[in-house]
Amino acid sequence: METITSILSSVLATGPILAMIGSSILGVFIGALPGLNPVMAIALLLPLTYSMDPLVALAMVAGIYNGSMYGGAIPAILLRIPGTPAAIATTFDGYPMAQKGQAARALKIACWSSALGGTASALALITVGPLLARATLAFGPAEYFWIAVFGMASVGVLVGNDAVKGLMAAVFGLLLGTVGLDQLSGAPRYTFDQTWLLSGLDLIVILVGLYALPPVLSLAERADLDGLSASDLKLDNVRVPWSEVKTLIPTWIRSSLIGISVGILPGAGGNVAAFLSYNAAKNASDDPKSFGKGNPRGVAAAECGNNADNAASMIPALALGIPGNVIAALVLGALLIHGLQPGPQLFHQNPQLVGGFMVEMLLTSLIILIVGGAAATRVFAQVQRLPGVLLVPTVLVLMAVGVYVINGRVIDLWIMFVAGACGYFLEKMEVPLAPIVLGLILGPMAEQNIRRALLISRGDFSDLVTRPISATIAIATLALIIWPIGSALFRRRKTSNDAQNEEVR
Amino acid sequence: MKKLLLGIALLPLVAAPALAEYPERAIEVTVPAPAGGGTDTSARKLAILLEKELAASMAILNVAGGGGSVGVTQFMQAQPDGYSLLATWNSPITTVPQVQKTAYGLDSFTPIASTSETAYTMCVKPDFPAEDGAQFLDELAANPNKYTYGNDGIGGTMQLAAERIFQQRDIKAVAIPFGGAGETLQNFLGGHIDIYGGSISPVLPYVESGEAKCLIVTSASTVDALPQAAGLESLDLAAQETLLWRMFLAPAGLDQAIADRLVAALEKTVNDPEYVEFLATKGEIPHVVTGEALSARLQSEFDGLAEAAKNLGLSQ
């Protein structure tokens, strides 16, 4: 108890509070500007804080991380441009809502969902973090292989109307994922003797090009010179009635759990958490066809899922000293500079700092409610009033700057434009883009881990299905594939029965 | 054209005082590893001290990828003017060229100084049937291909360090490559692999908690942080020493006066008690080798690793 009060009193000091508020606002902007992303922002800013109070530095990490995950939803909803890769799934229903004139409502739901997901995740970090961290150690290469396959199986829901095109997109993603130095044999694949290709294609560069460029180009195509008039914006009267909030609660609970699970197991990240949450919401719905056409539950699932990934992804780093993603690695690096040794003793030896960081992850999730709910939503929705002739060049410049800053390489700009051109033409041919991302992220994860698992089992495939956890995930994967087919058949029979009953009557 | 001529005419005027009053502007330090990692934190901590010593600001640029070769290759475009330095660990310079085609060689650099070093270690679970380094190697030799050991990647320095020892003792163990020491540790703690192979600092807390038993280090002498682990000298394998060490390099052709200035600054800052204490938490010790001696150190390590890579069939 004494620890708790001392943690709270050190976090609720002027420095950390100002840092949390400032960095949350900054985070929303970083998230909202395509190209800029939290990893890059934290990598650039954290070293500048090495001479400051560590709690101020960590408050900054928490604010940028949580703020940007919500910020990414803003352009995703308004312009179909995901501000961060994790906001790709938000575009599916967010943009159709905006087109129906419900932009402000979608933004509000995104804000609440982000705050709730982040809060749930931070609570998990604070309460069961160390316990969960120990549990993740049971996941070896065989289990990670199945997790990747499970994620890819959700492609089934994302492929859209034409399954062949969807699968082609997934395979294209898998192909892109093979570029680079093969970790298990050391052989360079598809690198054409280019050193910059050795580390593979930069995921963020590809995603920014593939997802953000096509909507910008289609915006340019429309060549609207005026934008929306103020009266068309419908910012007033955006109160979401309690009856609708109630319907979102199951989605929030489900997505929080999915986000936390994905976050604690390194390798996938916020975008996969959002996809899986979206997928689960669609599967659980009575009316899956309404998804992709502006269903608020789609926005809620995606935004809640990607924020729930955040704090949970810190669990292995803080509880075990094993960073699960780049931001966690940056945080551990900062702790080292401040003379703290990461590992299982970290919390016992420095409860003030580690506990303080956990509380900051929680508080910044709540700050999003204020920043996003009161201010950002109202301000950012005005973007829709900008005419395309202003918007298109502005977004293009921001994207180019953001992508260049990631590695400081001009070649990345070319990759972004090539990926963007690919995305533009694929969209014209009605090829869905989401499976490409899943292939690109999960393909290498699946490949490396199945090869590691087989190295460990000396080539015995039965190890992949006889271990209890891997068997469970394998069965869940099968269920994920069969479920939509089964429920579609069930619904069809039910409707035809109903029709027969009508006739009898 | 006029501007260009003017520029050329003015060049000596600009260059001459630069030598006299080095450094007079910010120094850019390329770190060929991601932010937050061992090389990055070492370089950044040192940069804070160097800024005071040299009275110039230091900008760290992380360029990760390709086991460090991406960053080093990009660094090759820098001018040898003292304002572009490379802070790297040894692997991109001595190991990576064995297994990848690289655009650089040992002669592409002006060696400034090594800064700190540590060994790799191999650790097992407490129930492993060996209590010291000699028993550990005997157990591995008696059971070919029975044990799996995790490492930082095929052709990485950790794997070559292990294989140099294994080749001397006719040991066959199954190498399982992971993305880094953190991933290796995770799989070791979860019981998915038998032996942790990697740097000392990640595993250190688990030695203290009794979950890991480190039996061998890849340095000739023992390491203070792991007193129970055997050094290679006690196993008659001193010639197989492979260290993880960090250094500052400049592009080839750096002016000697600037190099001397940097050597003096590094010698002072690396041995600063604040830095030594920081290194100790990571299981590292300061070790400054400069100039010609550093060149010789790089060359002998390069040759030893070349042989190990050749025996493994990994050579480029």
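Residues are numbered from 1 along each chain as its sequence is written, while chains are lettered from A and ligands numbered from 1 in the order in which they are written. As the model is predicted, local features need pLDDT of at least 70 and side-chain atom pairs count only at pLDDT 80 or more, whereas totals for chains, interfaces and linings use all residues.

Where the two domains of chain B meet, 15 residues of domain 1 are in contact with 16 residues of domain 2, two residues being in contact if their C-beta atoms, placed from the backbone, lie within 7 Å. On the domain 1 side, the elements that give two or more residues are α4 (91-99) and α11 (291-311) of chain B; helices are DSSP runs (H or I, at least four residues), numbered from the N terminus. This side of domain 1 divides into 5 nonpolar, 9 polar and 1 charged residues, where Ala, Val, Leu, Ile, Met, Phe, Trp, Tyr, Cys and Pro count as nonpolar, Asp, Glu, Lys and Arg as charged, and the others, Gly among them, as polar.

Between the chains, the contact takes 38 residues from chain A and 44 residues from chain B. On the chain A side, α17 (326-337) and α22 (434-456) each supply at least two residues, and α17(A) gives the most, with 7 residues. By class, this side of chain A has 22 nonpolar, 14 polar and 2 charged residues.

The largest nonpolar core has 245 residues, and those with the most contacts inside it are Val61(A), Ile77(A), Val331(A) and Phe248(B). Such a core is a set of buried Ala, Val, Leu, Ile, Met, Phe, Trp, Tyr and Cys residues joined through C-beta atoms within 7 Å, and a residue is buried if 20 or more other C-beta atoms lie within 10 Å of its own, exposed if 12 or fewer, and partly exposed in between. The helix α7(A) gives the most to this core, with 14 residues. Both domain 1 and domain 2 of chain B give residues to this core, so it lies between them.

Lys108(A) lies in helix α7 (residues 103-127) of chain A, and Lys108(A) counts as partly exposed because it has 19 C-beta neighbours inside 10 Å.

Key. Domain bounds come from an automatic or database domain assignment.
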